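Have a look at the model first, then read on.

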There are 2 protein chains.
Amino acid sequence: MKNILLASTSFLFGEEYLAYLKPAISELFTGVNEIIFLPFARPGGISHDDYVQKVALAFASFGIAVKGLHTFNDPKTAIMEAKGFFTGGGNTFLLVKQLQEQGLMSVLKDAVEQGAPYLGTSAGSNIAGVNMKTTNDMPIVYPPSFDTMSLVPFNLNPHYLDPDPNSKHNGETREIRIKEFHTQNATSVVGLREGSWIRVAGENITVEGAFDSMIFEQGKQPYEVKPGTQLHVV
Amino acid sequence: MKNILLASTSFLFGEEYLAYLKPAISELFTGVNEIIFLPFARPGGISHDDYVQKVALAFASFGIAVKGLHTFNDPKTAIMEAKGFFTGGGNTFLLVKQLQEQGLMSVLKDAVEQGAPYLGTSAGSNIAGVNMKTTNDMPIVYPPSFDTMSLVPFNLNPHYLDPDPNSKHNGETREIRIKEFHTQNATSVVGLREGSWIRVAGENITVEGAFDSMIFEQGKQPYEVKPGTQLHVV
């Protein structure tokens, strides 16, 4: 059965990397002593090795060893044999391009659907949705397609931000962007504020964490749901 | 010779549509009594017809008639015969997909390089750069490629925003996003604050408007240039 945690962000302001997620991560990876980390999103251009090192340090407190997927000669077999996964944040276009060009997206999807626990933060959460068309990231590279793993039957918008009523800036608000998405697509979108996450346990999908989440369904007014709410949107 | 105006935004906070650009638009379209408007970016999902109507109203004060490109049976010929162009803002992915799928991007590029005056705002400015990889927009549709018209030898980042030192939000700042772009691309990027624009007159390219602009060159610290500065970056 599916065992997935999709977080809006990897850390909260003023806190250490992954700190606020520790109880949830412990539960997700119960009985797991080694995971594969996918470093391809490279936040700020960090190297794959440095990114793995940062994650390994955070996971040492769980007694879980971390290996970077980029270090394997045969990454497909490595994915099929892995006990669990973490895909970190950064640039979703870069992440999706790497996974698709190396033929890894569908292998990872299969492994997670067969029960290997999966943790995503930010870009790593985006790729669990139907497609990456609701990412906030800059399109710095051109991936072969925008399709992602469909581990959940909707899209995510991590780092969801409410409109700032005092802003004098004309850049589109997050809500307007998602409305524009719905002029072209029918897929629902879950706006996850920083501090919130989605938990998938088998067929049961809930939103969790500190804040209400925003649900955007095509043709409806957006609405909020409280932590603990089961999601049935598609 | 090229005669181009690329604005960061179509209006300033509290002002009417295009108001702050009126003197510059008057100069750009000297002697022109009719232009073609490209409404494909559809901000907020506005219809093509409604978008043209909004633009026609603003251009009435210049004595310039406006026709929507979507109303022509043969848009390629319409572009080749046009006296000038305006491409409005909205979603850059939607705009680029339409132009590429209809085979209009290269026709428009040729017309502008042969001297037809071109006004772009926001998404309409993005497509004058080398590619759309530094847009701020959400990737709501998948265009055939990210290549754009290369009317200038660099990329633009419209609605450029300085990092907010008080923010507790973890979404990447504009500067970090452009730094990530430069881990994958060598093209320079001009960050245009709202109220600023780029003016191309033949081979002369200057930044204009109310604020300094930010220049990002690969491997260099970003730096600011004052209104009136000639740009030589590629």
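There are zero salt bridges between chain B and chain A, counting a side-chain nitrogen of Lys or Arg within 4 Å of a carboxyl oxygen of Asp or Glu. What you do get is 11 residue pairs in polar contact, both at pLDDT 80 or more (N or O atoms within 3.5 Å, one able to donate a hydrogen and the other to accept it; residues adjacent in sequence count only if both atoms are side-chain atoms). This is a predicted model, with local features needing pLDDT of at least 70, side-chain atom pairs 80 or more, and totals for chains, interfaces and linings using all residues. Residues are numbered from 1 along each chain, chains are lettered from A in the order written, and side-chain values use heavy atoms, without hydrogens and water.

**The interface**
- Chain B and chain A bury about 3,800 Å² between them, 57% of it on carbon and sulfur atoms (accessible area lost on being put together, 1.4 Å probe, summed over both).
- On the chain B side, Met138(B), Tyr142(B) and Asn170(B) lose the most area to chain A, together 20% of what that side buries.
- Contact (heavy atoms within 4.5 Å) links 47 residues of chain B with 47 residues of chain A.

**The cavities**
- Two cavities of 30 Å³ or more turn up in the whole structure (on a 1 Å grid, points where a 1.4 Å probe fits but cannot get out; lining residues have an atom within 4 Å of a point; volume is the space filled by probe spheres set on the points, which are joined across faces, edges and corners).

Key: On a 1 Å grid over the protein atoms alone, a cavity is a set of points where a 1.4 Å probe fits but cannot get out, and a pocket is an open set with protein on both sides within 12 Å along at least five of seven lines; lining residues have an atom within 4 Å of a point. Buried area is the accessible area (1.4 Å probe) that two parts lose on being put together, summed over both.
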